[in-house]
There are 2 protein chains.
Amino acid sequence: MVLDSAGLWLVIILVGVGVGVLGAWLDVLVKWLGDLREGRCTYGFFYNQVACCSGLDPGEICNEWQTWSEYFHVTSIFGQSLLQATIYMTLSVAFAGSSAVLVIIYAPYAFHTGIPEIKAILSGYVLDQFLGAWVLLIKAVGLALAVASGLSLGKEGPLVHVACCWAFLLSRPFRQYRQNEARKRKLLAAAAAAGVSVAFGSPLGGVLFGLEELDAFSNDSDVMWRGFVTSVIAAVSLQYIDPFGTSKLVLFQVSESGTTWRGFELIPWMFLSVIGGLLGSLLIKLNAAAAVYRRHSQLHNFPIVEVVGFTAITAATSYLLVFLRVQSSELVANLFQECDPTKPDYHGLCNPTAIWANVFLLVLTALVKIAFTAWTFGMMVPAGIFLPTIAIGACLGRAVGLVTQGLYRAYPTAWIFSSCPPDPTVRCISPGFYAVIGASAMLGGVTRMTISLVVIMFELTGALSHVLPLMISVMVSKWVADAFGKDGIYTVWIAMRQYPWLPTRDFRDKGQTAAHVMKPVSNLFVIHDDGHGCSVKELNEFISRHSFGGFPVLHGEQLLGMVMRDKLRACLVGLIADDPSMEQRCTFLPPSRTGQGDSGMVNLSNLLEEAVLQLRKDVPLELVVSMFQKMNVRHILFSQEGKLVGMVTKTDIVWLLTAESSHAGALAERHY
Amino acid sequence: MVLDSAGLWLVIILVGVGVGVLGAWLDVLVKWLGDLREGRCTYGFFYNQVACCSGLDPGEICNEWQTWSEYFHVTSIFGQSLLQATIYMTLSVAFAGSSAVLVIIYAPYAFHTGIPEIKAILSGYVLDQFLGAWVLLIKAVGLALAVASGLSLGKEGPLVHVACCWAFLLSRPFRQYRQNEARKRKLLAAAAAAGVSVAFGSPLGGVLFGLEELDAFSNDSDVMWRGFVTSVIAAVSLQYIDPFGTSKLVLFQVSESGTTWRGFELIPWMFLSVIGGLLGSLLIKLNAAAAVYRRHSQLHNFPIVEVVGFTAITAATSYLLVFLRVQSSELVANLFQECDPTKPDYHGLCNPTAIWANVFLLVLTALVKIAFTAWTFGMMVPAGIFLPTIAIGACLGRAVGLVTQGLYRAYPTAWIFSSCPPDPTVRCISPGFYAVIGASAMLGGVTRMTISLVVIMFELTGALSHVLPLMISVMVSKWVADAFGKDGIYTVWIAMRQYPWLPTRDFRDKGQTAAHVMKPVSNLFVIHDDGHGCSVKELNEFISRHSFGGFPVLHGEQLLGMVMRDKLRACLVGLIADDPSMEQRCTFLPPSRTGQGDSGMVNLSNLLEEAVLQLRKDVPLELVVSMFQKMNVRHILFSQEGKLVGMVTKTDIVWLLTAESSHAGALAERHY
């Protein structure tokens with residue numbers, strides 16, 4: 001028991017440290033690859049721009065970092081631009097292309113974000129191929145390449161997948177995890193929390209993401225506690241390694257100056273929240289439509305061509321649109337930053353005479369990015385949706401902030417601005433915080449998360465004093481978006497791929513009973529044991545004929561129990577090896593009822609599942625659904641006075657709950 | 001459906017607003033009563049000290065607030081002290097005494113924190129008296145009196161209770177809440193979140209408290225979403241009313257200066273965390289011992305005497321011990337504050353020459369407060385444990401911080417301090433933040449909360465950049481405390497009062513099956529319907545003889561179903577009114593089996609519960625326990641081929657899980 005517990009904590013600590021190290025390593029790799037598109041470090045090829053230029057006094061110019069045109073000694077302006085653009089585009093396409101090649105050849109499961117699959121796995125779906133060593137390696141490398149290629153994607157979701165793969169690999173040597181699916185799931189839940197913790201530098205947000213979005217700790221304080229520990233350890237490891245030398249976990253520090261907000265600001269924030277909800281909902285619909293189109297068009301057969309082509313388009317557009325040229329994380333950091341005369345102005349964002357030009361550019365950037373993201377999220381590369389969504393929201397938010405600021409500057413005495421300080425040198429409106437609001441509203445619309453989103457956002461930005469506006473904006477944006485469909489993007493993908501995952505939301509029947517979804521006994525494939533047993537041959541034929549996971553066993557009409565396919569097959573293989581004639585007869589009746597030396601039949605009654613739920617068929621449908629949601633069972637039998645009358649499987653309930661969804665099963669690999 | 005949903009949101013919004021207003025009103029009342037012990041406002045009796053002195057320029061002295069000695073024109077120093085102390089003690093005793101009288105006469109349910117009861121109610125226990133209008137009124141007024149009396153208690157837990165009472169009252173006029181226990185519970189969960197939100201000014205912490213400690217949103221994203229909305233609305237209402245005129249939700253603002261921390265500080269913080277875990281665990285044990293002693297001693301019969309006497313002791317000690325003289329919230333705010341030459345020094349805490357005197361005083365204060373709190377939490381007054389725990393932890397933390405700072409000042413060049421900035425004017429060690437760490441470690445030890453605790457702590461203090469040390473300290477303190485018993489203080493009280501509440505932690509059987517806890521059919525009180533029915537008289541006698549909540553109904557050995565006592569009784573009352581002879585015969589067999597005009601017997605088969613869970617008696621005990629934990633059922637029947645073999649009720653499982661607890665049932669009102 002003590003050893004067992006020590007082993008458990010050892011694995012948890014190793015998972016935490018490993019995830020922290022993986023996250024730090026990915027950060028470094030992405031930064032280096034991304035910078036490589038613009039230039040190289042003179043004294044060491046493997047330094048990124050920041051590392052290359054570190055150790056300088058403030059104000060000193062960094063000569064160690066050379067752009068490619070400097071490196072190749074191109075002097076004409078035109079030649080410089082051409083060379084830079086060419087290298088930028090070529091490397092982008094090369095990165096994205098190699099990422100796609102790696103994914104398609106070595107680990108198709110490594111594409112996309114991975115969150116929908118992890119949600120399904122944590123709710124009981126067994127998909128061990130999704131968590132293998134190859135997937136870990138390819139997803140990590142592919143992700144770095146994909147992010148560095150400048151495609152409109154983030155590393156957050158895939159990092160959760162990488163963390164889960166790592167935990168799965170670590171757990172393999174331990175018998176207690178290998179043999180116990182429930183324990184394995186709990187470890188994966190903790191790893192997922194650590195993944196978010198590292199991805200956002202947000203240990204609390206990680207735990208809450210596990211809690212809210214992955215629904216991983218449902219009703220089990222132990223699992224939450226382990227998630228908490230893993231998450232902290234991962235964050236500590238990341239901070240210890242400190243990949244960017246900032247010794248801060250907070251990714252996008254918001255300046256402290258705008259610590260108070262005024263009541264009238266709620267109006268633009270509400271507007272932003274509504275826009276965020278609408279556009280979030282639109283992004284989900286566009287993305288689903290793109291995925292369905294891709295599946296049914298010729299593109300489905302040429303995924304690498306698609307990736308390469310789309311990367312070229314993205315790279316060309318990004319190079320032209322100044323805000324898109326840098327990596328999304330840098331863009332977001334700049335948009336969140338308040339204007340400060342002592343710091344360099346990012347592309348004239350703080351220029352008071354260029355407000356309308358900036359607003360136009362920001363809105364354009366947001367719209368282009370929505371289109372890019374809707375298409376990119378679903379291509380054959382590892383891709384997260386978090387960062388692009390934040391970037392879209394931040395652009396819109398900054399635009400609204402600039403407009404509000406512009407109005408204030410134009411009419412400083414209007415009654416609506418009367419709560420602003422009279423001193424014009426004190427900033428009244430902080431457009432950087434509008435960008436934060438915009439980002440959370442957009443994220444709220446796309447993911448429909450609530451608490452974890454708020455916590456992640458203010459762990460990202462450090463804007464604790466503004467927790468109330470943040471919460472209000474998430475609330476409004478979710479309200480608006482819910483009006484256009486209850487499902488967040490991950491849930492939509494789960495429905496499209498038809499994973500056996502049940503939404504946790506309340507299901508209300510309209511007076512139906514279980515009979516509404518129940519397969520009646522006459523339609524079921526059941527094993528009949530009429531007292532004379534069944535021959536091994538009969539049983540063997542039976543299970544090769546039907547592919548279901550388990551079969552009810554009847555004696556007359558009386559239900560004896562349920563036998564799982566895998567267990568029965570394993571047993572039959574043994575019996576066939578003993579007696580290849582397959583004439584041996586087996587019975588499922590308990591020994592007490594067959595008598596001792598009655599028949600020489602093999603007694604298989606111990607194969608019957610112990611924990612089969614039985615209900616009466618007139619229970620309300622609500623109860624059946626909530627049973628599947630909460631108890632993590634695969635099937636429920638319905639009996640009346642001991643006689644089997646029907647069965648409901650998890651798949652039936654998944655169909656029932658996703659039937660309304662317009663894309664249900666649109667991308668399913670196989671049909672149940 | 002739309003009306004239904006509109007009604008739901010209306011109630012939720014009203015709950016939020018109401019809780020915000022209640023919280024603000026309580027804040028004002030407490031502050032005024034507390035200040036009244038020291039003096040009064042010249043131009044208005046109902047102003048508290050802050051309100052009385054508001055509107056002054058900085059530096060101006062407040063002449064509008066008079067201490068009692070000024071008011072009565074006492075001039076001699078000795079006379080002044082005597083008068084102040086007398087009024088202070090008299091009012092303290094009067095406040096606490098009236099609080100106890102109110103509670104004992106009008107609403108005994110209003111005593112204590114209320115969190116254990118709410119946990120039980122949210123997990124399915126029906127205790128409507130606990131949520132009545134009288135309880136609301138008495139708990140609110142009694143709480144204000146109790147807090148103002150200077151007893152070692154806080155208002156946080158009781159405020160959650162008040163919020164739940166308010167939600168319960170609001171929900172009464174709506175039929176959908178009155179008739180549906182599950183819906184009522186969901187509303188109460190949202191109200192509890194709003195209560196915490198207002199108590200700590202921590203809207204996120206409120207939701208998380210609901211999630212973690214109350215386990216209120218288990219597996220239901222809708223409930224969490226409603227809790228989120230209620231919590232935000234309550235916080236907005238509170239902020240709008242702004243009872244203290246600070247226009248900030250953050251209760252104990254930590255100054256921003258200490259935004260970086262050094263690795264070596266982890267050593268004192270670890271030490272603090274271990275101490276917090278140990279003392280937290282000790283506080284729980286002392287408190288339980290005090291409660292058990294009180295119950296079995298003469299004090300049980302004289303609760304008012306106890307409250308008055310103990311208040312006198314507390315007031316006398318507090319008046320002598322300088323840190324205890326102010327209200328706990330003020331003490332905590334001062335301890336969390338960093339030293340700042342521009343602000344007044346709180347009782348010489350920042351005096352570098354008085355370090356050891358301060359450390360001694362702080363440790364003494366903490367120890368006295370532990371003893372006081374252990375006794376106070378359980379007296380017949382409304383009392384929360386959060387704030388006293390924070391105060392104890394803050395004292396210890398500040399002491400450790402002072403020691404560390406003292407060491408640094410004595411040996412600034414020691415290698416351990418090498419990471420401190422060389423410039424001695426820059427602060428290296430921030431004792432205020434040590435107090436925050438101490439408070440969270442202590443809270444971790446007492447409540448065993450994790451995430452919600454961290455979120456509440458940094459919403460309280462705004463110390464976001466220190467989230468990692470906070471998480472580590474909570475983690476270590478919980479680890480240490482768990483070694484001395486897994487239960488937090490609320491769980492201990494639930495066990496002592498024997499509420500039917502199941503801990504959510506994993507239960508592992510040692511190979512036992514359900515048969516281990518099952519009451520076999522021979523020991524059950526069952527209704528037999530052998531086909532000739534039972535007379536109304538027999539049934540009536542049966543239910544008056546047995547007080548169980550429900551009875552299995554058998555036909556021969558075949559299980560027909562379960563009938564709930566309340567439903568059966570209501571039906572019998574109707575039948576008796578129709579035919580007072582009680583000769584009428586009833587049957588539970590379904591109409592299809594009795595034939596139509598067969599017997600003229602009253603058919604009661606529609607009384608049978610639809611949703612009764614049936615299992616086989618050889619399922620693992622783990623499964624049975626997790627069924628009770630997750631499905632919120634009251635009983636599970638065990639049957640074999642349709643024959644009833646036994647039953648397990650929730651109470652059996654509660655006994656099973658709390659049997660290890662040393663105080664199980666020590667304060668139980670009744671035995672199950």
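A disulfide here means a pair of cysteine sulfur atoms within 2.5 Å. C165(B) is also buried, at 0% relative accessible area. Buried means under 20% relative accessible area, exposed over 50%, and partly exposed in between, with a 1.4 Å probe and protein chains only.

This is a predicted model, where local features need pLDDT of at least 70, side-chain atom pairs count only at pLDDT 80 or more, and totals for chains, interfaces and linings use all residues. Residues are numbered from 1 along each chain as its sequence is written, chains are lettered from A and ligands numbered from 1 in the order written, and side-chain values use heavy atoms, without hydrogens and water.

Over all chains, the structure holds zero disulfides. C586(A) is in none; its nearest cysteine sulfur, in C571(A), is 6.8 Å away. C586(A) has 0% relative accessibility, so it counts as buried.

Now the sheet. Strands (E, at least two residues) and helices (H or I, at least four) are DSSP runs, numbered from the N terminus. Two strands pair if DSSP finds at least two bridges between them. In chain A, an open sheet of three strands runs in the order β5-β8-β9, with mixed pairing. Strands β5 (534-535) and β9 (602-603) of chain A each have a single partner strand, so one side of each is left without a neighbour in the sheet. Strand β8 (585-587) of chain A pairs with β9(A) in the parallel sense, over two bridges. T587(A) has N603(A) in β9(A) as its bridge partner.
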